[in-house]
Amino acid sequence: MKTWMRHRFMILLVFVIVMVAASATVWRLGYRQALTQLVEQGESDLALAADRLTAQLQRYQELAVLMSSHPVLTDLVEGRGNPRDARMLLLDAADKTTALNIMFADIEGRVLVSAFEGPDESLVKTPYFMRAMHGALGTHHGVSSKDGRRAFYYAAPSFAADGHVQGVLIVSVDVADVEDNWRGDGPAVFFVDEEGLVFITNRSELLLWERRGGDVGLVPPSGAAPPFRAYTQAGHELWRLDWGDYVPKRGLHLVQPLPIIDLIGEAVIDVSPAQRLAGLQAAVVAALILAFGVFLYQAMQRRQVLAEANAILEERVAMRTRALSETNVQLRREITERQEAEKALKKAQEELVQAEKLSALGQMSAGISHELNQPLMAIRQFAENGALFLQRGKEEVASDNLSRISEMAARMARIIKNLRAFARNESEPMGKVDLVQVINTAVELTTPRLKADRVLLEWEPHTHGGAVLAWGGEVRLAQVFVNLINNAADAMMEQEDRRISISIENAERLSVSVRDIGPGIEDPEKMFEPFYSTKAVGSSEGMGLGLSISYGLVESFGGRIRGTNTERGAMFTVELDPWNEEKAA
């Protein structure tokens, strides 16, 4: 037993050593890779900050070059200029560019004119003035001894006609104004001069600190050295710092020379994200190894248990096999019952669909029954009149009545045919239809009812200049307009003034509008739903199918029907495609 325990302890110790070694290796590799990525990102950020700084200073350099030969300034050197005009010129330029000061000096270094208060002493010994006197652009930076203000200086020579330098234009830039645009932005970036003095930075903690050799640290003018240590890791220089909350405690140090402004750009990139990433990778590897160890341990434990459970398992397998056989038989029986139930359900659904069709047919027949009543009364009247005319020997008039009876019967047959076609989802062939004639037919069918109810119908077919041809079915279109006219008349039954107007608009699509002066549409969203009606409950004309039938008929032609409320009443518009030869072919 002791041997077994000692063996298990040794395995556990080896496992822990392997896990720690693997995690440490992964951490080092991950940290190295993350530092490489930080270097790429940091170099990009440092280059961006350097470009930003040089671009901001570049405009002052260009200002010095452009203004150095201005006539107002060169006249001062020749003794015929106006100092007041020259000062106003420099002051205007300084205000527009936010320059700290702009000065113009002669070759002796005396300031002839200045935008603001200039130095009293000569500039002849300043490095930027001396360089400008040699005909080159002078650049310098420094800290003012008067107010401690940091400034950049650009000196551009002004050449006389003979090519000699006759004066120097100096533009000074307040570095604090430049820093205000990017203070606290991005990583900690600072620019140092050749002596190691931090002259420009986006972190005020680093301002005017100077690194003096080795790892002594950054020493401010007061002489107090803040915590600082530089070391190399994975081929990169890292700094351990304690300079404040806005400077990383441990950072990657990057350097980029900037000879154009005589400074060196440096950046300290926080490495804590790289450490966290490497730690996370090491933790994942450790967790995987630990999980593998636990799995391996459990596998070893289960191996012992499996040997003991093998016999029991075989017995249970046999029992389970018998149970599965019984369950299989039961499942087959249930499948057979379900298939029979599905067949019964399908049959019931087919019968329900057929019942719905028959119900819809009965509802639509009841809904247009009033459309057949008036022609029947007209046929009866024409038959009685025809009999009287025959008795009186007026055979021509009687023949005319019989012809009109025949026409009425044909129209009734067409109406019934349309109802049956709609109920059975049947349709007559699409073809050329004269909209004017169709509306005339609808008006003719509804005229007796409109006269009886004192409804004025405004319809002028002659204003359309002949036939207006559309795609559709003549009988079904007539039924649509009969429904729309009757609905408009029904809507105005509760008022004295009753008027319906019909018009055709011949545009890209043909449009027929039926307008009334009734109370309008109560619920526009439901008006085309079957059985929706605003008529009195129990009314024989309140089936609510007219608009639903019309909607289906117009849609079958590829058209569109819509209803809207106007300032007074409602307007239904039927849109149809115009007929053309190409479509017919």
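D453 touches M493 and R498, leaving aside residues up to four places away in sequence, where contact means heavy atoms within 4.5 Å. Welcome to a short tour of a predicted model, in which local features need pLDDT of at least 70, side-chain atom pairs count only at pLDDT 80 or more, and totals for chains, interfaces and linings use all residues. Residues are numbered from 1 along each chain as its sequence is written, and side-chain values use heavy atoms, with hydrogens and water left out.

**The loop around D453**
- D453 sits in the loop between α9 (435–452) and β15 (456–458); helices (H or I, at least four residues) and strands (E, at least two) are DSSP runs, numbered from the N terminus.
- D453 is buried, at a relative accessible area of 18%; buried means under 20% relative accessible area, exposed over 50%, and partly exposed in between (1.4 Å probe, protein chains only).
- R454 also belongs to the loop between α9 and β15, but R454 is exposed, with a relative accessible area of 57%.
- The phi of R454 is near 55 degrees, a positive value in a residue other than glycine.

**Nonpolar cores**
- The largest nonpolar core has 50 residues, and I102, F152, F191 and I200 have the most contacts inside it. Such a core is a set of buried Ala, Val, Leu, Ile, Met, Phe, Trp, Tyr and Cys residues joined through side-chain atoms within 4.5 Å.
- Helix α1 (residues 2–67) supplies the largest share of this core, 14 residues.
- Apart from it lies another core, of 43 residues, including V436, L450, V480 and L484.
- Among the residues that I102 touches, not counting those up to four places away in sequence, are L63, L90, V113 and L169.

- T98 lies in the loop between α3 (83–97) and β1 (101–105).
- T98 has a positive phi of about 60 degrees, although it is not a glycine.
- At 43% relative accessibility, T98 is partly exposed.

**Strand β20 and its partners**
- All 7 of the 7 residues of β20 (residues 570–576) are buried, so the strand is largely enclosed by the rest of the structure.
- On one side of β20 are A570, F572, V574 and L576, and on the other M571, T573 and E575, all buried.
- Strand β18 (residues 510–516) runs antiparallel to β20, joined by 6 bridges; two strands pair if DSSP finds at least two bridges between them.
- Strand β19 (residues 560–565) is also antiparallel to β20, with 6 bridges.
- E575 in β20 stands opposite S511 and is the bridge partner of R560.
- The hairpin of β19 and β20 has 4 residues between the strands, and G569 there takes a positive phi near 100 degrees.
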